[in-house]
Amino acid sequence: MQAGGCGLDDIVDVTTFHTDPENQFGTVMTVKSEVFPEAPYPNWTAIGVNWLGGFDFEIKVIARIPG
C-alpha cells in the first residue's frame, strides 16, 4: 500500500479467507478492532475455505489512492 501512497485509513474493502474460521475468527476480530478502532470502517467479508495452498489464513484489501 505504501508504494501507492496509501495507508490504513485508505482501506475501503477487506476480504479474509479462513481454513478454520471457528478458531481463527476471535483473533481476527481482535486485530481488526486494533487496526480499525473507529468509524469509518472498511467493508469486511470473511470466507471459510478448505484449502489455501499451505496457508491457514489469507487477507486481501482494496484501498483508494488519496488525492
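**Note on the sheet and an aromatic pair**

1. Three strands, in the order E2-E1-E3, form an open sheet with mixed pairing. Strands here are DSSP runs (E, at least two residues), as helices are (H or I, at least four), numbered from the N terminus; two strands pair if DSSP finds at least two bridges between them. The model is a predicted one, in which local features need pLDDT of at least 70 and side-chain atom pairs count only at pLDDT 80 or more, while totals for chains, interfaces and linings use all residues. Residues are numbered from 1 along each chain as its sequence is written, and side-chain values use heavy atoms, with hydrogens and water left out.

2. Strands E2 (43-48) and E3 (57-63) stand at the edges of the sheet; each has a single partner strand, so one side of each is left without a neighbour in the sheet. From one strand to the next, the twist averages 15 degrees.

3. Strand E1 (residues 11-18) pairs with E2 in the parallel sense over 6 bridges. Asp 13 stands opposite Asn 43 in E2, and Phe 17 has Ile 47 in E2 as its bridge partner.

4. The ring centres of Phe 36 and Trp 44 are 6.2 Å apart and their planes stand at 80 degrees, so the pair is edge-to-face (planes over 60 degrees apart).

Key
Axes fitted to C-alpha atoms, helices over the stretch in contact; angles between N-to-C directions. Phe/Tyr/Trp six-rings, centres within 6.5 Å; stacked < 30°, edge-to-face > 60°.
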